[in-house]
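Biologist: Please take a close look at the ligand site. Which protein atoms make the polar contacts there, and what surrounds them?

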Amino acid sequence: MTLHAPYDSDNIFAKILRGELPNVTVYEDDVALAFMDVFPQTSGHTLVIPKGVEARNFLDMPPERLGDYMERVQKVANAVERALSPDGIVVTQFNGAIAGQTVFHLHFHILPRNEGISQKAHASGEMADIAELESIANKIRQAIR
Ligand code: 5GP
């Protein structure tokens, strides 16, 4: 059911886009906003969301908007790589609650992965220390090209 439903403009990411909730931004332009996940599964877990479109998930995204948005996802993933030098990076995305989606505004996760460090559970656990997120975000911001 949650795969196809009306867009709820009160979802957390819509509120972040309207400036009603704070976020630790790493990149923003007219196409996308990228910010730190406050329940990071790994250090440097970043989210990239499209702006100016009511897309709950990947299937909803107007195809003509996808190219520009995916360019931003890649731009931020490259910056995460340059900033944090992980051993690998997971770029992922969930569609519908059964698939693991908890916030219904399209987003891609960028998860740096390092040998010997396991990934924490999805969308759970302790909220990160904001000062720590700011410090990581600062490195990523400086690595955006
Ligand atoms: P999903 O489960 O929809 O794929 O991903 C939603 C992500 O948003 C989760 O990784 C979760 O930790 C993150 N998240 C939930 N609430 C907030 C919030 O208020 N701020 C930020 N920055 N991330 C959030």
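Modeller: In this predicted model, a backbone N or O atom of G100 sits 3.2 Å from an oxygen atom of the ligand. An N or O atom in the side chain of H107 is 2.8 Å from an oxygen atom of the ligand, and for H109 a polar side-chain atom lies 2.8 Å from an oxygen atom of the ligand. Two elements each give two or more residues to the shell around the ligand: helix 1, residues 12-17, and strand 2, residues 32-36. In total, 18 residues surround the ligand. Both H107 and H109 are listed with the closest of them, together with D37, T102 and H122. Sorted by class, the shell contains 10 nonpolar residues, 7 polar residues and 1 charged residue.

The strand that spans residues 108-113, strand 5, deserves a separate description. Of the 6 residues in strand 5, 5 are buried, so by that count the strand is mostly covered. Strand 5 has antiparallel pairings with two other strands. With strand 3, residues 46-50, the pairing runs over 3 bridges, and T46 stands opposite I110 of strand 5. With strand 4, residues 88-92, the antiparallel pairing runs over 5 bridges; here I89 has P112 in strand 5 as its bridge partner. As a general point, side chains in a regular strand alternate between the two faces of the sheet.

Definitions and conventions:
Residues numbered from 1 in each chain as written. Predicted model: local features only at pLDDT ≥ 70, side-chain atom pairs only at ≥ 80, totals over all residues. Heavy atoms only, no water. Near = heavy atom within 4 Å. Polar contact = N/O pair within 3.5 Å; in protein donor to acceptor, adjacent residues only side chain to side chain. Helix = DSSP H or I, 4+ residues; strand = E, 2+ residues; numbered from the N terminus. Nonpolar A, V, L, I, M, F, W, Y, C, P; charged D, E, K, R; others polar. Buried < 20%, exposed > 50% of the residue type's maximum accessible area, 1.4 Å probe, protein only. Pairing = 2+ DSSP bridges.
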